[in-house]
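User: I've got a model open and I'd like to learn how to read its sheet and a couple of its residues. Can you walk me through it?

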Amino acid sequence: MKGSVAGIVGAVCLVVGFAAGFALRPSLAPSGTAVVAAAVAAQPSEEEATAVVRRHKLFTGTSLANATLKLGDCSPGGVGPGITCMTQLTMDPTKPNATPQNRPIGFARVGSQWEVAVW
């Protein structure tokens, strides 16, 4: 009999815990529009983003010194710190077969300058 009472008490505790968690969750979450507004306000200019990408070195050690970049829509970073922006990136526009790539790139402010956060 003692085992079944302990099981019932445990089940009741779980139900109360889940209910409290779901009830309190919306009040603890930050406002979505405030987060988006703050992220959009804190984004690099197209010139800053291009400079960051040109400074960035790929894992092979390759530099993108001639890269061109166009920024698209930006939103709070889902994978890393900072923000993630859709970009149109051309690795080396001086090459005849260079084609633009549409890809997300993450940017984060470190100190007073922007850095690539997620490549």
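Analyst: Let's start with what counts as pairing: two strands pair if DSSP finds at least two bridges between them. Keep in mind that this is a predicted model. Here, S3 and S4 pair in the antiparallel sense over five bridges. They make a hairpin with two residues between the strands, and Gly111 in that turn has a positive phi of about 65 degrees.

User: How do I follow the pairing residue by residue?

Analyst: Go by bridge partners. S2 and S3 pair in the antiparallel sense over seven bridges. Cys85 stands opposite Ile105 in S3, while Thr84 has Gly106 as its bridge partner in S3. Gly106 in turn has Val118 as its bridge partner in S4. As a general idea, side chains in a regular strand alternate between the two faces of the sheet.

User: Where does Ala117 sit, and what does it touch?

Analyst: Ala117 lies in strand S4 (residues 113-118). Leaving out residues up to four places away in sequence, Ala117 touches Pro81, Gly106, Phe107 and Ala108. The C-alpha atoms of Ala117 and Gly82 are separated by 7.3 Å, though the two residues are 35 apart along the chain.

User: Is Ala117 buried, exposed or partly exposed?

Analyst: To call a residue buried you need under 20% relative accessible area, and exposed means over 50%. Ala117 has 33%, so it is partly exposed.

User: What about a charged residue, Asp92: buried or exposed?

Analyst: Asp92 is buried, yet has no salt bridge. The cut-off for a salt bridge is 4 Å, from a side-chain nitrogen of Lys or Arg to a carboxyl oxygen of Asp or Glu.

User: Which side chain makes a polar contact with Asp92?

Analyst: Thr94 does, with a polar contact of 2.5 Å between the two side chains. Asp92 is in the loop between strand S2 (83-90) and strand S3 (101-110). Setting aside neighbours within four places in sequence, Asp92 is also in contact with Asn66 and Ala98.

Terms used:
Residues numbered from 1 in each chain as written. Predicted model: local features only at pLDDT ≥ 70, side-chain atom pairs only at ≥ 80, totals over all residues. Heavy atoms only, no water. Helix = DSSP H or I, 4+ residues; strand = E, 2+ residues; numbered from the N terminus. Buried < 20%, exposed > 50% of the residue type's maximum accessible area, 1.4 Å probe, protein only. Contact = heavy atoms within 4.5 Å. Lys, Arg positive; Asp, Glu negative; His and termini not counted. Polar contact = N/O pair within 3.5 Å; in protein donor to acceptor, adjacent residues only side chain to side chain.
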